[in-house]
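Hi everyone, thanks for coming. Let me put the model on the screen, and then we'll walk through it together.

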Amino acid sequence: MSVDGHINAELLGEREATKHQCLMEGLQDGFFSGIKASIVSGGLFWATWKYSPFFRNRFSVSARTALLVMPIFYTAQLKLDLSMHKCLQTRLTADYVVLRDADGN
């Protein structure tokens, strides 16, 4: 940021590039967290399907699907948000503007 408070094009380009890089890292982290959650969720779903007659007979198809799918989406979205927030907090620092009064001080 310049002394008079205007953002120049070079700084704006750097900030946008940093935001894009943080987004890509967040998407990657979210994707891999979703994969890990799908392994855990799928294993638990398989075990309950195989060993629990209550789960097989009493839960509807939509309830079983939700119990399988929602942890995957929740984990992926949470990891995406947290990693983007952490990245933006560490890489983008606040730009301070020097304010001058009428005398130029």
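Accessible areas here come from the Shrake-Rupley method with a 1.4 Å probe, and for residues only the protein chains shown count as cover. On that basis the protein has an accessible surface of about 8,100 Å², with 64% of it belonging to carbon and sulfur atoms.

A word on sources: this is a predicted model, where local features need pLDDT of at least 70, side-chain atom pairs count only at pLDDT 80 or more, and totals for chains, interfaces and linings use all residues. Residues are numbered from 1 along each chain as its sequence is written, and side-chain values use heavy atoms, leaving out hydrogens and water.

So what do we have? There are three helices and zero strands, taking helices as DSSP runs of H or I with at least four residues, strands as runs of E with at least two, numbered from the N terminus.

Let's look at α3. This helix bends by about 30° at Val 69, and Pro 71 follows within four residues; the bend is the angle between axes fitted to the seven residues ending there and the seven starting there. Its buried residues (under 20% relative accessible area; exposed is over 50%, partly exposed in between, with a 1.4 Å probe and protein chains only) are Arg 64, Leu 80, Ser 83 and Cys 87.

Now the aromatics. Rings of Phe, Tyr and Trp (its six-membered ring) pair if their centres lie within 6.5 Å; planes under 30 degrees apart are stacked, over 60 edge-to-face, the rest tilted. The whole structure holds seven such pairs. Phe 31 and Phe 32 are edge-to-face, at 5.4 Å and 70°. Phe 45 and Trp 49 sit four residues apart in α1.
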